[in-house]
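Subject: Structure handover

Hello,

Here is the structure we talked about. Please open it alongside this note, and read on for what turned up.

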Amino acid sequence: MLMEDSTLERATPLTDDKNSSLRQWLAVAAVTIGAFAFVTTEFLPVGLLPHVAHDLNILPGVAGLMVTIPGIVAAISAPALMLGAGRMDRRHVFLLLTALLLCSNLLSAFAPNLVVMLLGRALLGAALGGFWTLATSAAGRLVEAKDSARAMAAILTGVTCATVIGVPLGTFIASVASWRVSFLATGGLVAVALVAQWLLVPSLPSAAALRFGDLTALLKHSHPRRSLLMVALVFGAHFSSYTYVTPFLLGDAHLDMATVTWLLLGFGIIGFFSNFAASSAVQRNFKGTLLTMVSLLMFALLLMPILRHSSLAVSAVVLAWGIAFGALPLCFSMWIQRATPEHPEAGSALFVSIIQVAIAMGSFVGGAVVDRASIPTDFMVGGALALLGLATLAGIGAEARPVAAACNVPCEE
């Protein structure tokens, strides 16, 4: 999210050469474990959807509410929790949110019906919005100034690792045991994250409470507004389709569960490496990298239903999709952090909120299309949303010049 030049010019590069200590990097590692746990919990239903729908006797589109509900709640909690936290020590907020995540997993694991399941998922949403707002804004406070970008990249690695290991592992556990065991195993991971944060994250006092005016001030600028629209369209495109990728691969592409598990693992692995490649590419050509990744996402979604009768072609498209989405979270996170150096929590809150709205609306729209039409039709809708996101990005990219402050290196359009 790039703002007007006067704001951008104030984001000057940091020159502090002091090295971060091992203790500081361990604190980053503790938050990274939390990020891994949150993302694994959030997207666990993607691989478990057929199992949960069968056991709870609901339609796949209704089961998609397990993704929609957390998104809706997180969209509200991202700004609301930070406004309510005031000057509360951010370490205590981290611990509270991770404890809520543990409760969410336990409630979901023992849910006897859809209502209890959605209550557990709502607890996830309440914790999710606040966690990502804190994680993206506090990354630079955990280490020395010159290592802030590396700390952000490390925390975001928890996202890609969750895609590589967490979600496919949850799918594997469900295939050999049950989806309830998958939630219990994720709960164990959350417990590890909670202990790590308790032992390693230092006190993070807040110098000033986030105000509602900080949020509205950012939205007065045209670049942030259009950037939020772009992010919403791209994330909506992804999650309207990705929520139902497992039923598509099983029912429409006619792959077996073992192949789907390995393919989702491949999606995560290639996304993991794409994340690291993007961290270098955006420093050389930020706009070009974003345009390339959004275009790749769009073509992947449009080609999935067209090529569904070829298992080899579908596998290749899924991997291309993984390349695109592996890069996008880091790209967008750098975008917002470069734009809001003076109000990082306000910028992060809006960014997290719009992503969660996109996840909720994307999975909701996807579920409606799946239940009323078909999953291939849903992928076409996702491709259309990605096209709109691409057009929005192309429209704002020419007006926004990059800033080197976020990565402490020269960047070029």
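**The largest cavity**

The lining residues of the largest cavity divide into 13 nonpolar, 3 polar and 1 charged. Here Ala, Val, Leu, Ile, Met, Phe, Trp, Tyr, Cys and Pro count as nonpolar, Asp, Glu, Lys and Arg as charged, and the others, Gly among them, as polar.

Before going further, some ground rules. This is a predicted model: local features need pLDDT of at least 70, side-chain atom pairs count only at pLDDT 80 or more, and totals for chains, interfaces and linings use all residues. Residues are numbered from 1 along each chain as its sequence is written, and side-chain values use heavy atoms, with hydrogens and water left out.

Back to the cavity. The structure holds 5 cavities of 30 Å³ or more. The largest has about 270 Å³ of space. A cavity is a set of points, on a 1 Å grid over the protein atoms alone, where a 1.4 Å probe fits but cannot get out; lining residues have an atom within 4 Å of a point. Grid points are joined across faces, edges and corners, and a volume is the space filled by probe spheres set on the points.

The largest cavity has 17 lining residues. Trp132, Val159, Phe235, Pro329 and Ile355 lie nearest its centre. Helices H2 (22–56), H6, H7, H10 (222–242), H14 (311–339) and H15 (344–372) each supply at least two residues of this lining. H15 gives the most, with 5 residues. Helices are DSSP runs of H or I, at least four residues, numbered from the N terminus.

How many of the 29 residues of H6 are buried? The count is 21, so H6 is largely enclosed by the rest of the structure. Buried means under 20% relative accessible area, exposed over 50%, and partly exposed in between (1.4 Å probe, protein chains only).

H6 reaches 40 Å from its first C-alpha to its last, close to the 42 Å expected at 1.5 Å a residue. The expected span is 1.5 Å times one less than the number of residues. H6 also bends by about 35° at Thr136. That bend is the angle between axes fitted to the seven residues ending there and the seven starting there.

Asn113 caps the N-terminal end of H6, with a side-chain oxygen 3.2 Å from the backbone nitrogen of Val115. Leu134 is found in H6. Its relative accessibility is 0%, so Leu134 counts as buried. The C-alpha atoms of Leu134 and Ala349 are separated by 8.4 Å, though the two are 215 residues apart along the chain.

Glu144 sits in the loop between H6 (114–142) and H7 (148–176). Is Glu144 buried or exposed? Glu144 is buried, because its relative accessible area is 14%. A polar contact of 3.1 Å joins its side chain to that of Gln24. A polar contact is a pair of N or O atoms within 3.5 Å; within protein, one must be able to donate a hydrogen and the other to accept it, and residues adjacent in sequence count only if both atoms are side-chain atoms.

**Helix H5**

Asn105 lies in H5. It is buried, at 0% relative accessibility. Its side chain makes a polar contact of 3.1 Å with that of Thr41. Leu102 is also placed in H5 (residues 90–109). Leu102 counts as partly exposed, at 22%. Leu102 and Leu194 are 92 residues apart in sequence and 8.6 Å apart in space, C-alpha to C-alpha.

H12 (residues 257–284) has 28 residues. It reaches 40 Å from first C-alpha to last, close to the 40 Å expected. A kink of about 30° is centred on Ala278. At the start of H12, a side-chain oxygen of Asp256 comes within 3.2 Å of the backbone nitrogen of Ala258.

H13 (residues 286–306) has 21 residues and reaches 31 Å, close to the 30 Å expected. Asn285 caps its N-terminal end, with a side-chain oxygen 2.7 Å from the backbone nitrogen of Gly288. Buried residues in H13 include Phe286, Leu290, Met293 and Leu297.

**Two loop residues with positive phi**

Most residues other than glycine have a negative phi. Asn57 has a positive phi, near 60°. It lies in the loop between H2 and H3 (60–63), and is exposed at 71% relative accessibility. Phi of His254 is also positive, near 60°. His254 lies in the loop between H11 (245–252) and H12, and is exposed at 60%.

Best wishes

Key:
1 Å grid on protein atoms, 1.4 Å probe; cavity = no way out; pocket = protein on both sides within 12 Å on 5 of 7 lines; lining within 4 Å.
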